[in-house]
Amino acid sequence: MAMSSSSPAMIRGSYTGQMVPVSQSGGQGSQQGVESSQTQTHTQKSTAFLCKAGCEAVQDIVMRTCEVFSHLRNMPLPNGTSQGTQLSNEKKIRIQENLNAIQRHFKPLRAIYTRVNDDCAGMEYTHIESLIPYKDEADNRPDYKKIGENYRHLVEESRELKEQLYLKARYMKEIIDQLRKIIWEVNTMLAMSNM
């Protein structure tokens, strides 16, 4: 397949399998920047891919465990007939296959868990339950009641302080007005006495 000189070079993406353009311009410095951003993106994709693979492994383990219990619940006891023994042996083989498959999933799941924990070691983790409480818990949580009580107390205290400040400002204005009146009268008396 021949490529024209105007179209950029293409490579196949490692996770998506789609063709991705590759930049050919720039020197060594731009390649290092691209490589570091690709490494960071690769790590993020790798972690996301690992999480998805781990989720699928857990789903398969749960599915197979449910299947084992379903087989155990529906498994007839051998009654001594050849048909009962054969049916019992078939169920036993299916249960053993599921148990082996479950065991095979745990080793890669542990490796995925370790790798994801190493990749996410520097990240802060906050439990979602602490961010969004359940409806019933929101009203009954003591810290919300405490915050509400503290807020009401602080609002009341602020209102009282503003009222006190207003009264003191008004009192100071009356004193200033009285002093102006006294100074006016003293100035008037001095002006009359000089005449």
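I call a residue buried under 20% relative accessible area, exposed over 50%, and partly exposed in between (1.4 Å probe, protein chains only). This is a predicted model, where local features need pLDDT of at least 70, side-chain atom pairs count only at pLDDT 80 or more, and totals for chains, interfaces and linings use all residues. Residues are numbered from 1 along each chain as its sequence is written, and side-chain values use heavy atoms, with hydrogens and water left out.

**Asn117.** I found Asn117 in helix 2, residues 82–119 (helices are DSSP runs of H or I, at least four residues, numbered from the N terminus). Its relative accessibility is 38%, so Asn117 counts as partly exposed. I also looked up Thr47: its C-alpha atom is 9.4 Å from that of Asn117, though the two are 70 residues apart along the chain.

**Asn98.** Asn98 lies in helix 2 as well. Asn98 is buried because its relative accessible area is 4%. Leaving aside neighbours within four places in sequence, I see Asn98 in contact (heavy atoms within 4.5 Å) with Arg64, Glu67, Val68 and His71.

**Core.** Which residues make up the largest nonpolar core? They are Ala57, Ile61, Val68, Ile95, Ile102 and Leu109. Helix 1 (28–74) and helix 2 are the elements that give two or more residues to this core. A core here is a set of buried Ala, Val, Leu, Ile, Met, Phe, Trp, Tyr and Cys residues joined through side-chain atoms within 4.5 Å.
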